[in-house]
Every structure is written in C-alpha cells, then in structure tokens.
Amino acid sequence: MNEVLFEVLKAVLMLVIVLIARYAIPYIKLLVENTKYAWLVKWVELSVKSAQQTILGDKSGPEKKAIVTKFIKDLLIQKNISISDEQLDTLIESAVYIMKQEAS
C-alpha cells in the first residue's frame, strides 16, 4: 500500500513540475520582459523631457537626440538589455511625439 501511494505521489509531483515548466515559467518570463520594456519606455520619456528642458537653446534637435541616445544606450548596457538602434530610435521619436502632444 505504501509503495502504491508513493508511486501515485511521485506521478502527481512529476505532473505538477511539468505543468509549472510548461505554463508558469513562460508566463513569468513574459511578465519580466514586459517589466523591462516598460522600464525602458519610462526612461526614454524621462530622458527626452529632461533633454528638452535642460538643453533648451544650446543644441539642435539632432544633437539632443544624440545625447538621449547615448544616455539610453549606457543604461541598456548596465541593465544588460539589448535592442536595435532602429527600435531605440522609434522609442525616442515616439517620446518626442508624446511630449509635443502634451505641450499643445
């Protein structure tokens, strides 16, 4: 009887491990990825607003963008997050667009 109970318990435990590996781990990974990118979007928006407020007439738009791009790339290196230059450019442009929409 104890051996049968032990085998059933072992089978249930294996099933639970398989279910966790199949469903819980990808879900947690998705949550972490979304958190990373939400963090990145927040920092891009803050960087764009800061550049606009602090660098006012000293530099042109492309120069401000280069400063923001360098700052964000440094942050990405520190956090070990990789995105393409095109994706970063899109994030910066969308942050500028949102900032301009809020101003008008």
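Student: Why is I92 called buried?

Tutor: In this predicted model, the relative accessibility of I92 is 3%. Buried means under 20%, so I92 counts as buried.

Student: Where is I92, and what does I92 touch?

Tutor: I92 is placed in helix 3. Leaving out residues up to four places away in sequence, I92 touches V44, V48, K65, V68 and T69. Contact here requires heavy atoms within 4.5 Å.

Student: How far apart are the C-alpha atoms of I92 and V12?

Tutor: They are separated by 50 Å, and the two residues are 80 apart along the chain.

Student: What makes S47 buried or exposed?

Tutor: S47 has a relative accessibility of 8%. The limit for buried is under 20%, so S47 counts as buried. S47 lies in helix 1, which spans residues 2-54. Neighbours within four places in sequence aside, S47 is in contact with V68, F71 and I72.

Student: How do you know that the side chain of S47 reaches the backbone oxygen of W43?

Tutor: The distance is 2.7 Å. A polar contact needs N or O atoms within 3.5 Å, and the value of 2.7 Å for S47 and W43 meets that limit.

Student: How many aromatic pairs are there by this rule?

Tutor: The count comes to two. One of them joins W39 and W43, with 6.4 Å centre to centre and 55° between the planes.

Student: Why is the pair of W39 and W43 called tilted?

Tutor: Ring centres must lie within 6.5 Å to pair, and planes under 30 degrees apart count as stacked, over 60 as edge-to-face and the rest as tilted. The values for W39 and W43 are 6.4 Å and 55°, so the rings pair and the angle falls in the tilted class. W39 and W43 are separated by about one helical turn because they are four residues apart in helix 1.

Student: What makes W39 and W43 partly exposed?

Tutor: Partly exposed lies between the limits of under 20% for buried and over 50% for exposed. W39 has a relative accessibility of 21%, and W43 has a relative accessible area of 28%, so each counts as partly exposed.

Student: What are the values for the pair of W43 and F71?

Tutor: W43 and F71 form a tilted pair, 6.0 Å centre to centre with 50° between the planes. The pair links distant parts of the chain: W43 is in helix 1 and F71 in helix 2 (residues 61-79), 28 residues apart. F71 counts as partly exposed because its relative accessibility is 37%.

Student: How do you know that the charged end of R22 sits over the ring of Y23?

Tutor: The charged end of R22 is 5.1 Å from the ring centre of Y23. The rule asks for a distance within 6 Å and a position within 35 degrees of the ring normal, and R22 is listed as sitting over the ring of Y23.

Student: Which helices supply the lining of the largest pocket?

Tutor: Helix 1, helix 2 and helix 3 each supply at least two residues. The largest share, five residues, comes from helix 2. The lining includes V48, V68 and I92, and the pocket volume is about 210 Å³.

Student: Why is N80 called exposed?

Tutor: N80 has a relative accessibility of 69%. Exposed means over 50%, so N80 counts as exposed. N80 is placed in the loop between helix 2 and helix 3.

Note on methods:
Residues are numbered from 1 along each chain as its sequence is written. This is a predicted model: local features need pLDDT of at least 70, side-chain atom pairs count only at pLDDT 80 or more; totals for chains, interfaces and linings use all residues. Side-chain values use heavy atoms; hydrogens and water are left out. Buried means under 20% relative accessible area, exposed over 50%, partly exposed in between (1.4 Å probe, protein chains only). A polar contact is a pair of N or O atoms within 3.5 Å; within protein, one must be able to donate a hydrogen and the other to accept it, and residues adjacent in sequence count only if both atoms are side-chain atoms. On a 1 Å grid over the protein atoms alone, a cavity is a set of points where a 1.4 Å probe fits but cannot get out, and a pocket is an open set with protein on both sides within 12 Å along at least five of seven lines; lining residues have an atom within 4 Å of a point. Grid points are joined across faces, edges and corners, and a volume is the space filled by probe spheres set on the points.
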